[in-house]
Amino acid sequence: MVKSTGMVKGAEMQKSVCRFTYQFHRMHLMVWLTLVLFVGCGIQNQETVRIKSQSSPTVANVDASRIIQADNEPQNWLVHGRTYGEQRYSPLSQITEDNLDRLGLAWFYDFETKRGMEATPIVVDGVIYVSGSWSRVYALSAKNGELLWEYNPKVPPQWAVNLCCDVVNRGVAVWKGMVYVGTLDGRLIALNAEDGQVVWSVQTTPIDKPYSITGAPRIVKDKVIIGNGGAELGVRGFVSAYDAKTGEMHWRFYTVPGDPKDPFESLALERAAKTWKGGEWWKIGGGGTVWDSMAYDPVLDILYFGVGNGSPWSRYLRSPGGGDNLFLSSIVAVRPDTGEYIWHYQTTPGDSWDYTATQHMILADLKIEGQVRKVIMQAPKNGFFYVLDRETGEFISAKAFVDVNWASHVDAETGRPVIKPEAFYDKTKPFVSMPGPAGGHTWQPMSFNPQTGLVYLPAMSTAYPYQVDSKFEHQSFGWSTGIDDLVAAMPEDEAQRKAIKASLKGRLLAWDPVRQEPKWQVEHANIWNGGVVSTATNLVFQGNGEGFLNAYSADQGKKLWSFFAQTGIMAAPISYAVDGEQYIAVMAGWGGGVPLIIGGMLTDAANQNVSRLLVFKLGGDKQLPPLQVPHKELNPPPMTAPPETVQRGKALYHKYCGACHGNSVISGGILPDLRYTQLHPVWDQIVLDGLLSDRGMVSFRQVLTEQDAAAIQAYVIARAHQDMTNLKTKP
Ligand code: CA
């Protein structure tokens, strides 16, 4: 069977090894055995043999000239944002407003996991390269979805306790016949694009610290650029460049100063250190992780990366003498050859609200006040949409794109936000900030359409009560944000929860970056929705948390087409073509940070959680298998613990369990909902002895006593009884 890529696939030895798929994850107590401990028969040990045909180019032969001239081959999606400028705009024009009614499912591929899917697929010459949960990599025929090879880096499930936001991965990079992926446990791995065999693998992070990689690598001038995450748990951020061929490290840029006893790693850091005052941030790490966005301008030869929040969250704990705390929440511009600092722009000086500037950055040329400006645009978590000069870092403009109350505005002269003094909360003075730590926008990619001049932006209106934990002590286990978790716990009263849910708004915004105002907006049923792609034919595609992939007109936001995917969609769609047919593809599957913590309160959609690649074309007529939603009933043991034990358990639950099993014991549908657990007889064995550690539920004995475990159990049982009346049949 000869493929368009010129490869012959053969000798597929499907050993079909039945094995457990690790649905579980990290930090928290309890696990719920029966449903999630699901046994799957996978295609794990598949071997594929490829023979290159004489006439075809090398497989996945992506290089700088192809990426720079990506518009000459719109059938491919060569890099994360399609171009180095990350515009996520497809010039393909076969699918139009007029024929959209014929757009249907061409094929789909169901992955073995049921965890969050956030990746943007890469398409090179008829092959899709994409990552799934647990940092797995897949190569599929772009025409029919046939699996060409699969690579599983076998991340230890116990590593999940070191993750803030699900076992996700946002994509791979492809370069000169190799595929690159960053893994949850901090490895950067180069695979042979022909067969998925490992070419090299390096550990990019200290393995004794809770670092993780979920972001897609970028490749510039034969260097693989990779960052990492972990600021919620306590790490020091950095970004590194590795030789694409050998894996040798070329440079590393630390984003925050380290131990003052040690020499500075760069002049930029020496300058940055002057903006940190008092405190011992380096013992916790300081934060500033580069966990997602990058962009590259090949003409200016500037690499841009976005820097995340502080560790711990509040400046009050981190740098009690004040200061901007550079380079937290900043866009940093460097030379890709050396990592040498060029300029930075800090979106949130003194960040205390988890306001990362790791969100998608787009390079474009915009006509502003009669002048064409080379700009970089970002809508970071803090709620302001920024337009900067990408050559100099000069501030051009910023406007709030969602409700913002931590700052009144961004000053046009200084380019600095005018922060309200009361926003700097402490141990006694809380502050309910808009946006909250989920941000006005987070990792879900935007799209810039040069035809409409608009940026399509998945926005969220959220709020969050921040207060410093008066008993804060950093511990190297689980979240360590220094926030009073109890203050932020959702109410247990159903009516109050409904009111909060109603106040959370998710929308697709079409933002005019020149006028800094919305052109149109579409309201969604919940805040957690998908990334965006726009096309040359006035179309915008976006999935949503209710399980639909929709198409809108790019100029007016009119809904033109909809497909029910049965599962929530977070990832951004792409468009590509094979043999003259245009396709729209999107990774479907619910998960990520927000759904883990409050997902159960966000949506009423009774969907299943499937990890699935959906691919559409004109005339596509495939059907999805029937929706399967497990039926569950609340059946907790009797409530015997005194109220004070339940209250103590509530505080401990929100400190150690809520980030995975859900605030107020309402699961987002990704990890077990403990209200329904039948594992009470083996509670201590799970929570303290690590009975299910090979599923990601590690022992919590280093932070919890037997009395603590019993108190948490009492709280969980109490929550199940509370909800029995109104949630009897809800899964
Ligand atoms: Ca964060």
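Donors are the N, O and S atoms within 2.8 Å of a metal, or within 3.2 Å for Na, K and Ca; water is not among the atoms, so sites may look incomplete. In this protein the donors of the calcium ion are spaced E-x76-N-x44-D along the chain. What you are looking at is a predicted model, where local features need pLDDT of at least 70 and side-chain atom pairs count only at pLDDT 80 or more, while totals for chains, interfaces and linings use all residues. Residues are numbered from 1 along each chain as its sequence is written, and side-chain values use heavy atoms, with hydrogens and water left out.

**Confidence**

- The predictor's confidence in each residue is called pLDDT and runs from 0 to 100; its mean for the protein is 90, and 91% of the residues reach 70 or more.
- Residues 1–57 stay under 50 in pLDDT.
- Where pLDDT is low, the predicted coordinates should not be read in detail.

**The calcium site**

- The calcium ion is coordinated by Glu232 (OE), Glu232 (OE), Asn309 (OD1) and Asp354 (OD), at 2.3 to 2.7 Å.
- Glu232 sits in the loop between strands E14 (223–226) and E15 (238–243), and Asn309 in the loop between strands E19 (302–306) and E20 (310–311), so this pair, 77 residues apart, links distant parts of the chain. Strands (E, at least two residues) and helices (H or I, at least four) are DSSP runs, numbered from the N terminus.
- Glu232 and Asn309 are both buried, where buried means under 20% relative accessible area, exposed over 50%, and partly exposed in between (1.4 Å probe, protein chains only).

**Nonpolar cores**

- A nonpolar core is a set of buried Ala, Val, Leu, Ile, Met, Phe, Trp, Tyr and Cys residues joined through side-chain atoms within 4.5 Å.
- The largest one has 56 residues, and Phe253 and Phe305 are among those with the most contacts inside it.
- A second, separate core of 54 residues includes Trp313, Leu388, Tyr464 and Ile483.

**Cysteines**

- A disulfide is a pair of cysteine sulfur atoms within 2.5 Å, and the count here comes to one.
- Cys164 and Cys165 form this disulfide, with their sulfur atoms 2.2 Å apart.
- The torsion about their S-S bond is about -105 degrees, so the disulfide is left-handed.
- Cys164 counts as buried because its relative accessibility is 19%, whereas Cys165, at 26%, is partly exposed.
- Cys657 is in no disulfide; the sulfur of Cys660 is 9.1 Å from that of Cys657, too far for a bond.

**His654**

- His654 lies in helix H8 (residues 643–656) and is buried, with 8% relative accessibility.
- Its side chain reaches the backbone nitrogen of Ser664 at 3.0 Å.

**Backbone features to look for**

- Most residues other than glycine have a negative phi, and most peptide bonds are trans.
- The peptide bond from Ser311 to Pro312 is cis, with omega near -10 degrees, and another cis bond joins Leu326 and Phe327, with omega about 0 degrees.
- Asp579 has a positive phi near 50 degrees and is exposed, at 55% relative accessibility.
- Val665 also has a positive phi, about 60 degrees, but is buried, at 0%.

Definitions and conventions. Contact means heavy atoms within 4.5 Å. A polar contact is a pair of N or O atoms within 3.5 Å; within protein, one must be able to donate a hydrogen and the other to accept it, and residues adjacent in sequence count only if both atoms are side-chain atoms.
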